[in-house]
Amino acid sequence: MAASNTIRILDGNTFVVSEDTGDIEATPSEPTGLFSLDTRFLSKWVLTVNGERLNALSYDDLQYYEARFFLVPGMATHYIDAKLSIIRERAVGGSFRETLTILNHDEKAVDLEIRMDAGADFADLFQVKDEILNKKGEIYAEAETDRLRLGYRRGNFRRETVIAASRPARYDRNGFAWSIHLEPNEQWDTAIDVQTHAVGPGGRDLRMGLRAHGTERLALQHDLEQWVAKAPKVNTEHEQLASTYRRSLIDLAALRFSPLSLGGQTLPAAGLPWFMTMFGRDSIFTCLQVLPFAPEMSKTTLRILGALQGTRFDDFRDEDPGRILHEMRYGETAAFEEQPHSPYYGSVDATPLFLVLLDEYEKWSGDVALVKELEQECRAALKWVDDYADLVGNGYIWYERRNTDTGLENQCWKDSWDSLSYSDGTLPPFPRATCEVQGYAYDAKIRAARLAREFWGDPAYADQLEREAAQLKERFNRDWWVDDGGFYALGLDPDGRRCDVLSSNIGHLLWSGIVDDDRAAQIAAHLVGPRLFSGWGVRTLAEGEVRYNPIGYHNGTIWPFDNSFIAWGLRRYGFAEEAATIANGILDAARYFDGRLPEAFGGYQRELTKFPVEYPTACSPQAWSTGTPLLLIRTMLGLEPHEGHLAVDPRLPVGMGRIEVLDIPGRWGRVDAFARGRIDLHNLVD
């Protein structure tokens, strides 16, 4: 099924992907169906009237958690003189509910056979992604007088789908049906409740008590209204920016979910459909993007990542003491260690980024208690950077693939197998190091030094971290600079040979502050130059490199999240116009995606395509793409927290019109910022 023909609704890591009729007929390789906790609980959900499939007149995804389908019997023709209307209304909120309404428009009475075919393959999301459905347990179906129970058991792993209708129905192992009689202009309806159960010890659902399990529609609506209401207000003459901002807030609300170990608190899932779970890197980047707008997400994310920090050496999970997790899964393959994601630690950037987020969160929130609470976790993370990540012994963070069967080959944010290469296109040996991660480590040490000096009462440790950061910066600018290109290498191999390709990663170096001032202008010029900047955004790999491909996952596509941090980095070094160029390109692209930026899109030159080209398997919504407009707003306004007040950089790039931001949360109270070439502050309350 083409992605453009699918309708998606979600609430946290529970989501439904269907056809535009509302039907679901999943194959092992299609992410269609009802999913929760990385398991497909419905793979078949097909409505027929008198044995006929239905034709879609229109549909409406009313909110992120609900949709409505308007249908008639029979196949599509130029004109359908239908005598029946069928309306399907559905919503998710941890469980799945659908209401059927049948209206008879005929002047005669009709007798109808209404049937819903239902089935569940209980596929693990990894199995769907890998296009291999290899179930090693027992799938069963039990028709009871008032419900249909579909289930799967393999040892202690058990999942069930329980379906019950509000009107009495005839249930069998393959679905349920009604025989109804409708007089002229009469209406018939029924509500169908689909409960998904992750059955634990004693038959109790593992998710009982979590916010996202069994939340009713009205409660979801109220929660969404509260979420939007408490966010800062952004009014602007740039109409598309205002629309994109609201779309981002709603999608961010949709992606909130409660991990089983968190007791009801929420953090952002990474992206629909493949990544509806907790990712260390993705959650941290998203929290950094949205911190001034939704600071509570950062506190939850920091706590759960600290609680699940690595404690041992485990090659299967790529775990080390102090290492922050990469990914957590709850499906069958993780439960039986066919995948290492329970949790998996194969990320080299999440650990320094954990420290970056904690410092940035404290600056915006003033939450000193959390900084003190996580002191030991921070020290363990810094020890990992120095003792366990330096596989070569030269002071850099490296990675190698210890789990050669199911672990990630590349453990940076560009984690596809071919994302790191030399200029001739060949791939380097292991261990490998990438440039942006060294920047994160530098930033982490600078920020941790502040925390140690101000909150942990350890000025000697702070001095040590600052010395180490200065040495790292000096060493990095010596070893990674490509003289004949005027940029930093994407990576190093264990012999010190540079992966001398021009990539978007150099923008992250500006954000971290590791770039020497006298080289920053060259980096900025590359980022908005024709090889990297397409007109819509900065490509992951520069045009002209051997592995460049405008629709290569990490070798030429444009990632909105990547661009948001590049813009932030440019602004940090004073390149406001260059930051505005990137912001304008990305926000212009958002217009073609109805305000919802996808995970990635094609890196084709803007003059060639005239519109941003969709990447075929991009996640949407995706957390760090959802956070992109928020970080761009912060960057365009130059909003930076300082002790006791909020500072706004008065140099606003042209082109964005008038922007007004009200009610920034945190210790700074209310800020009104107006911009038309400059910003004036008023009503500033400390």
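Guide: A salt bridge is a side-chain nitrogen of Lys or Arg within 4 Å of a carboxyl oxygen of Asp or Glu. The model above is predicted, with pLDDT of at least 70 required for local features and 80 or more for side-chain atom pairs, while totals for chains, interfaces and linings use all residues. Residues are numbered from 1 along each chain as its sequence is written, and side-chain values use heavy atoms, leaving out hydrogens and water.

Visitor: Happy to be here! How many helices and strands are there in the protein?

Guide: Helices (H or I, at least four residues) and strands (E, at least two) are DSSP runs, numbered from the N terminus. Counted that way, the protein has 18 helices and 30 strands.

Visitor: What share of the 686 residues is buried?

Guide: Buried means under 20% relative accessible area, exposed over 50%, and partly exposed in between (1.4 Å probe, protein chains only). Of the 686 residues in the protein, the buried share is 62%.

Visitor: How many salt bridges does a search of the whole structure find, and how far apart in sequence are the parts that Arg 115 and Asp 172 tie together?

Guide: The search finds 58 salt bridges. In one of them, the side chains of Arg 115 and Asp 172 meet at 3.0 Å, N to O. Arg 115 belongs to strand E11 (residues 110-119) and Asp 172 to strand E15 (residues 170-172), so the distance in sequence between the tied parts is 57 residues.

Visitor: Is Asp 251 buried or exposed?

Guide: The Asp 251 side chain forms a salt bridge with Arg 596 at 2.8 Å, N to O. Asp 251 sits in helix H3 (residues 239-254) and Arg 596 in the loop between helix H15 (576-591) and helix H16 (606-609), so the pair ties together parts 345 residues apart in sequence. Arg 596 is partly exposed at 23% relative accessible area. Asp 251 has a relative accessible area of 1%, so Asp 251 is buried.

Visitor: By about how much of a helix are Lys 383 and Asp 387 separated?

Guide: Their side chains meet in a salt bridge of 2.7 Å, N to O. Lys 383 is partly exposed at 42% relative accessibility, and Asp 387 is partly exposed at 43%. The two are 4 residues apart in helix H9 (residues 375-388), so their separation is about one helical turn.

Visitor: Is H10 roughly parallel or antiparallel to H11?

Guide: The axes of helix H10 (residues 435-454) and helix H11 (residues 459-479) come within 8 Å and cross at roughly 160°. Axes are lines fitted to C-alpha atoms, for helices over the stretch in contact (heavy atoms within 4.5 Å), and angles run from 0 to 180 degrees between N-to-C directions. Angles under 35 degrees count as roughly parallel, over 145 as roughly antiparallel, 65 to 115 as roughly perpendicular and the rest as oblique. The crossing therefore makes H10, relative to H11, roughly antiparallel.

Visitor: Which residues are joined by a cis peptide bond with omega of about -5°?

Guide: The proline of this pair lies in the loop between H9 and strand E21 (433-434). The cis peptide bond with omega of about -5° joins Phe 430 and Pro 431.

Visitor: Is Leu 37 buried or exposed?

Guide: Leu 37 has a positive phi near 50°, in a residue other than glycine. Leu 37 is in the loop between strand E4 (33-36) and strand E5 (39-42). Its relative accessibility is 4%, so Leu 37 counts as buried.
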